[in-house]
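User: I am new to this structure and would like to learn how to read its features one at a time. Could you take me through them slowly, with the general idea before each case?

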Amino acid sequence: MSKLKGAIVVNTNRCKGCQLCIVACPKHVIELAPKKVNVHGYPYVEAARPDDCIGCASCGIVCPDGCITVYKKKVEE
């Protein structure tokens, strides 16, 4: 049997750390990267618990800068 899992990719150089994606994520996958900033000096988000991602794309939908791409992958159990 297979099921769908999600995977997110964050363009960290475009992220401004607004945290809207953190609030939108129902599985608490995304967090601000601790003590890290991008090339523009903004703190950015990262997938802290990528295995918990369900691929709902809520994070990508609410991102005002289009920094998050969500993929769905089929996982065999």
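Analyst: Let us start with the elements: helices (H or I, at least four residues) and strands (E, at least two) are DSSP runs, numbered from the N terminus. Leu20, for example, lies in helix α1. Please keep in mind that this is a predicted model, in which local features need pLDDT of at least 70 and side-chain atom pairs count only at pLDDT 80 or more, while totals for chains, interfaces and linings use all residues. Residues are numbered from 1 along each chain as its sequence is written, and side-chain values use heavy atoms, with hydrogens and water left out.

User: Is Leu20 buried, partly exposed or exposed, and which nonpolar surface patch does Leu20 form with other residues?

Analyst: Buried means under 20% relative accessible area, exposed over 50%, and partly exposed in between (1.4 Å probe, protein chains only). Leu20 is partly exposed because its relative accessible area is 43%.

User: Which residues of the largest nonpolar core touch the most other members?

Analyst: A nonpolar core is a set of buried Ala, Val, Leu, Ile, Met, Phe, Trp, Tyr and Cys residues joined through side-chain atoms within 4.5 Å. The largest one has 15 residues, and those touching the most other members are Ile8, Cys21, Ile30, Val45, Cys59 and Ile68. Two or more residues of this core come from each of β1 (2-10), β2 (30-37) and β3 (43-47). Contact means heavy atoms within 4.5 Å, and, leaving aside residues up to four places away in sequence, Cys59 touches Ile8, Cys21, Ile30, Ile68 and Val70.

User: Where is Asn38 found, and what does its side chain reach?

Analyst: A polar contact is a pair of N or O atoms within 3.5 Å; within protein, one must be able to donate a hydrogen and the other to accept it, and residues adjacent in sequence count only if both atoms are side-chain atoms. Asn38 sits in the loop between β2 and β3, and it counts as buried because its relative accessibility is 8%. Its side chain reaches the backbone oxygen of Thr12 at 2.8 Å, and a polar atom of that side chain lies 2.9 Å from the backbone nitrogen of His40.

User: How many salt bridges does a search of the whole structure find?

Analyst: A salt bridge is a side-chain nitrogen of Lys or Arg within 4 Å of a carboxyl oxygen of Asp or Glu, and the search finds three. One of them joins the side chains of Lys16 and Asp65 (3.8 Å, N to O), linking distant parts of the chain that are 49 residues apart, with Lys16 in the loop between β1 and α1 (20-24) and Asp65 in the loop between α2 (58-62) and β4 (68-76). Another pairs Arg49 with Glu31, with the closest N and O atoms 3.0 Å apart; Arg49 lies in the loop between β3 and α2, and Glu31 in strand β2. The side chains of Glu46 and Lys36 also meet in a salt bridge (3.8 Å, N to O). Glu46 lies in strand β3 and Lys36 in strand β2, so this pair ties together parts that are 10 residues apart in sequence.
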